[in-house]
2 protein chains.
Amino acid sequence: MKKFEEKTISSETLYKGKIINLQVDEVELPDGNTSKRELIKHPGAVAVIALTDEGKIVMVEQYRKALEKSIIEIPAGKLEAGEEPSVTAKRELEEETGYGCKQLDHIISFYTSPGFADELVHIYFAKGLYVLENAKAADEDEFVELIEITIEEAIQLMKKQRIYDAKTAYAIQYLQLQAGQGGK
Amino acid sequence: MKKFEEKTISSETLYKGKIINLQVDEVELPDGNTSKRELIKHPGAVAVIALTDEGKIVMVEQYRKALEKSIIEIPAGKLEAGEEPSVTAKRELEEETGYGCKQLDHIISFYTSPGFADELVHIYFAKGLYVLENAKAADEDEFVELIEITIEEAIQLMKKQRIYDAKTAYAIQYLQLQAGQGGK
C-alpha cells in the first residue's frame, strides 16, 4: 500500500556499517511540501520461542551496549546475506542455547521500529528440543548465558524490567494465549 | 545488571539528526578482546491502545518511509525532550485520532531493537474516549488516517501484513488476553 506516499527527492547513505546503514532521504509529502527522513537499514533478524519438554521457556541473558545493561531475551540473531530466516533461527538457537529442535514453525514477522528502521524480525516456535552434543560456538564477540524459566517467572522478570524488549514481551503473551491464560 | 559488560574504549557520534543519532563505540569484551558496536540513540516513544465504547480498537494508517509502504498501527509518537510519557501519549492520541480519553493507564514499556537501538516504547491503555471538538493538528509532516476495527479484524489485517509492527502485534495480543481469548 502506498497511501500518503512520500516520494524520494534525494537519498544519501551517510554511514555503511557492519550491521546497519544510515540513510537520509529528502521526501515530497502528500501536500507537496518537503521533509527529511532519517532511516536505518538493517538486514532483518530472527527470534525463537523455544519450549523444553518440561514446559520452560529457553532464554538468554546478554549485554546490550545500546542499553548499557544486560537483559534477558528469547534467542535471536540477525540474518546473514541471502540466508533463509528458518536457517538463521535454527543456527541461532543452536549457537546461543546448545539446543537443536525437531520442529520449527514460523508464527509471525513484524517490523520493530517502523518510524526509523526497516528491521523485520521473524518469530519462530521451536518444539522437540534436544541437547546437541557438539554445539557450535556463538559469534566470537557474543557472550550469552542460558536461562530456562516458566511463563510465570517470565512475567515476574518483565515486572522487574529484566525482560525488557518487544519480541520477548510478544513471546510471553503468545505463550499465555496458547496456554489459555486469557481473561486475567 | 552489568553481566558480560562491554566496557567503552572510545565512543564517537557520527551523525546527529532531527530524531536519531548514530554512535559507534569501540568496546572491550568480557574475554579482553575488542569489538565495534553501532548504536542508534533515540528519544523514546509512546503508543496507545485505545478502545471505543463499541469495543473497537483505534488505529491509524500511515506511510512509513523506512518501509516504503503504509501500514496500520496503534497511535504512537516520539517523546519530546523532558516530556512525561503520559503527556506524550495523551497528545499523540488527540492529534492522530481526534479522541480525548477519561482514563490513561501505563501497561508496559519495552525496547524495540535492543541489538542496535535504545528506543524505549511506553505502552498506554486509553479508556473513556470522547470526540474532541477542537482537535489539535498532527505534526505538519505527518499524514494519518483513522481506522476503527474489531480484534478479529485486526487479526485478519495481521495475516495480510497490513498490520505489521511489534507494538501493534503486542497490543492485539494484549486485548486478546484481556478478552479471555486464550487457548485458541
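**The interface of chain A and chain B**

Guide: The contact draws 76 residues from chain A and 76 residues from chain B, where contact means heavy atoms within 4.5 Å. This is a predicted model, in which local features need pLDDT of at least 70 and side-chain atom pairs count only at pLDDT 80 or more, while totals for chains, interfaces and linings use all residues. Residues are numbered from 1 along each chain as its sequence is written, chains are lettered from A and ligands numbered from 1 in the order in which they are written, and side-chain values use heavy atoms, with hydrogens and water left out.

Consider how the two chains are related. The same surface serves both copies, since 100% of the contact residues of chain A recur in chain B.

The area buried between chain A and chain B is about 6,600 Å², and carbon and sulfur atoms give 61% of it. Buried area is the accessible area (1.4 Å probe) that two parts lose on being put together, summed over both.

Asp25(A) forms a salt bridge with Lys65(B), with the closest N and O atoms 3.9 Å apart.

Several elements of chain A each supply at least two residues of the side that touches chain B, among them strand S1 (7-16), strand S8 (99-111) and helix H3 (166-178). Helices (H or I, at least four residues) and strands (E, at least two) are DSSP runs, numbered from the N terminus. The largest share of this side, 9 residues, comes from H3(A). By class, the side of chain A that touches chain B has 33 nonpolar, 16 polar and 27 charged residues. In this division, Ala, Val, Leu, Ile, Met, Phe, Trp, Tyr, Cys and Pro count as nonpolar, Asp, Glu, Lys and Arg as charged, and the others, Gly among them, as polar.

Conventions: A salt bridge is a side-chain nitrogen of Lys or Arg within 4 Å of a carboxyl oxygen of Asp or Glu.
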